[in-house]
Amino acid sequence: MQGKRNGEKPMDADELRTQYSQGCRDFSHLNLFEIELTGYAFPAIHLSACDLRQARLGRADLRRATLEETDLSEALLWGTNLSDANLQAVIMREADLSGAQLMQANLSRACLLKACLSGVNLSAANLSQALMIEVDLRPTLDQRTDLGRADLSFADLSYANLSGASLCAANLSHAKLCRCHANLSSWQGNLPTDFTGADLSKADLSFADLRGAILKEANLQGADLTGTLLEDAILTGALLPEGNGA
């Protein structure tokens with residue numbers, strides 16, 4: 001069932017909640033600019049290609065939602081549950097996703113430029129070809145950012161702050177991580193960035209700061225380590241590029 005369209009007139013929060021409660025699930029292509037939906041539950045809602053810029057969706061339940069090609073620039077999504085959501089090609093430029101749940105979400109080709117992803121759970125998420133320049137992936141005071149088993153192949157994480165994040169068994173093959181910060185986090189007592197078992201083959205790690213990072217059993221074959229800082233990094237069992245010794 002599809003929500004009513006109002007042309008260029010934005011749909012307000014009350015109308016959206018009413019239509020959803022009546023069984024509507026498809027609200028694609030709507031103008032929802034600055035909508036206030038903090039704390040509401042809309043599992044399996046369809047919001048593809050919507051204008052949700054500066055929307056307030058903190059602590060909302062959007063499990064299994066479809067937000068493909070939706071613009072969520074500068075939206076507030078702290079603590080939002082987006083597990084198993086379809087977020088392909090979503091735009092989240094400078095959005096605040098602190099503490100959000102994105103387990104197994106599909107964020108392939110997403111634009112997350114300068115987004116705050118502190119304390120986010122992205123375990124097993126698909127972030128292949130995502131644009132993540134200058135994203136903040138540091139832990140919050142009570143939660144570590146989890147990218148374990150996430151697919152970040154060909155993603156652009158240039159200048160990203162990965163300090164203290166967990167990327168165990170993540171796929172970062174061909175990813176761009178030049179000048180990223182993945183050193184010890186000053187939060188929670190010098191928490192190390194953990195790449196244990198990660199695939200970093202053919203990744204661009206030029207001038208990245210990996211001081212104190214855990215790279216046990218990581219695959220770094222073919223990676224560009226030009227100017228990379230690896231002081232105190234743990235490289236036990238890591239597969240290194242030709243010409244580099246553990």
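1. Where is Glu 69 found? Glu 69 sits in the segment after helix 1. Keep in mind that this is a predicted model.

2. The backbone of Glu 69 deserves a look. Its phi is near 60 degrees, a positive value in a residue other than glycine. Glu 69 is exposed, with a relative accessible area of 51%.

3. His 174 also has a positive phi, about 65 degrees, although it is not a glycine. His 174 is found in the segment after helix 1. Its relative accessible area is 37%, so His 174 counts as partly exposed.

4. Asp 71 lies in the segment after helix 1, which spans 13-21. Asp 71 is buried, yet it has no salt bridge.

5. What does the side chain of Asp 71 make a polar contact with? The partner is the side chain of Ser 73, at 2.7 Å.

6. Neighbours within four places in sequence are left aside here. Asp 71 is then in contact with Cys 50, Asp 51, Leu 52, Arg 53 and Ile 91.

7. The structure holds one cavity of 30 Å³ or more. About 30 Å³ of space lies in the largest cavity. Its lining includes Leu 16, Leu 32, Leu 37 and Leu 47. Leu 57 and Leu 62 line it too, along with Phe 42 and Ile 45.

Notes: Residues numbered from 1 in each chain as written. Predicted model: local features only at pLDDT ≥ 70, side-chain atom pairs only at ≥ 80, totals over all residues. Heavy atoms only, no water. Helix = DSSP H or I, 4+ residues; strand = E, 2+ residues; numbered from the N terminus. Buried < 20%, exposed > 50% of the residue type's maximum accessible area, 1.4 Å probe, protein only. Lys, Arg positive; Asp, Glu negative; His and termini not counted. Salt bridge = Lys/Arg side-chain N within 4 Å of Asp/Glu carboxyl O. Polar contact = N/O pair within 3.5 Å; in protein donor to acceptor, adjacent residues only side chain to side chain. Contact = heavy atoms within 4.5 Å. 1 Å grid on protein atoms, 1.4 Å probe; cavity = no way out; pocket = protein on both sides within 12 Å on 5 of 7 lines; lining within 4 Å. Points joined across faces, edges and corners; volume = space filled by probe spheres on them.
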